[in-house]
Amino acid sequence: MSNTPDHELVVAAKAAMQNAYAPYSKYHVGAALRAENGKVYAGCNVENAAYPEGTCAEAGAIAAMVADGANQIRDIVIIAVGDNKAAPCGGCRQKINEFAEPDLIISVVNTAGDTTRFSLGEILPHSFKLDV
Ligand code: THU
């Protein structure tokens with residue numbers, strides 16, 4: 001597997017990350033995905049003074065995809081500020097799982113461009129999913 005994430009997704013995730021609203025954690029995250037229609041949807045984390053109301057970058061990208069009428073994630077890049085590579089949180093793994101197959105490759109990138117890639121099935125084994 002190539003270790004190079006889709007450039008267009010990296011650019012879109014980075015742009016979304018610049019707009020992250022993260023005054024509490026100061027941890028800025030961007031996510032961009034490509035859907036089955038070929039379009040790119042991006043999101044950033046949006047925090048809230050009532051902490052649990054904050055939303056993750058992945059959730060924003062997924063909401064944009066669904067609002068536009070798409071529902072299959074074919075590729076996804078997540079980027080966070082700093083050296084850390086932001087693997088999706090447990091809740092986001094489940095949210096991604098709703099709209100993707102276990103062989104989806106998730107690319108996690110830091111601001112230096114270092115990339116780690118893993119499949120959804122690897123990081124969310126034995127997932128819960130219903131046939132719809
Ligand atoms: N965050 C994301 O946006 N995506 C993740 O998968 C992990 C965490 C955000 C939530 C919160 O705004 C900040 O990172 C710190 O947890």
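Guide: Let's start with K26, which has a relative accessible area of 60% and so counts as exposed. This is a predicted model, so read everything here as computed from predicted coordinates. K26 sits in the loop between α1 and β1. Its backbone is worth a look too: K26 has a positive phi of about 60°, although it is not a glycine.

Stay in that loop and you'll also find Y24, in the stretch between α1 (7–18) and β1 (29–35). The partner is Y51, with the ring centres 5.5 Å apart and the ring planes at 45°. Planes under 30 degrees apart would count as stacked and over 60 as edge-to-face, so at 45° the Y24 and Y51 pair is tilted.

Where does Y51 come from? It belongs to the loop between β2 (40–44) and α2, so the pair ties together parts that are 27 residues apart in sequence. As for accessibility, Y24 is at 39% and therefore counts as partly exposed. Y51, at 61% relative accessibility, counts as exposed, the cut-off for that being over 50%.

The Y51 loop leads on to α2, so let's follow the chain there. Helix α2 (residues 57–67) packs with helix α3 (residues 90–98) at an angle of about 20°, and their axes are 9 Å apart. With angles under 35 degrees counting as roughly parallel, α2 and α3 are therefore roughly parallel to each other. The crossing of α2 past α3 is left-handed. On the α2 side the contact is made by E58, A59 and I62, and these meet C92, K95 and I96 in α3. Sorted by class, that contact has four nonpolar residues, two charged ones and no polar ones.

H126 is found in the segment after α4 (120–123). At 83% relative accessibility, H126 counts as exposed. K26, back in the loop where we started, is likewise exposed, at 60%.

Methods: Residues numbered from 1 in each chain as written. Predicted model: local features only at pLDDT ≥ 70, side-chain atom pairs only at ≥ 80, totals over all residues. Heavy atoms only, no water. Axes fitted to C-alpha atoms, helices over the stretch in contact; angles between N-to-C directions. Helix = DSSP H or I, 4+ residues; strand = E, 2+ residues; numbered from the N terminus. Parallel < 35°, antiparallel > 145°, perpendicular 65-115°, else oblique. Left-handed = near helix turned anticlockwise from the far one by under 90°. Contact = heavy atoms within 4.5 Å. Nonpolar A, V, L, I, M, F, W, Y, C, P; charged D, E, K, R; others polar. Phe/Tyr/Trp six-rings, centres within 6.5 Å; stacked < 30°, edge-to-face > 60°. Buried < 20%, exposed > 50% of the residue type's maximum accessible area, 1.4 Å probe, protein only.
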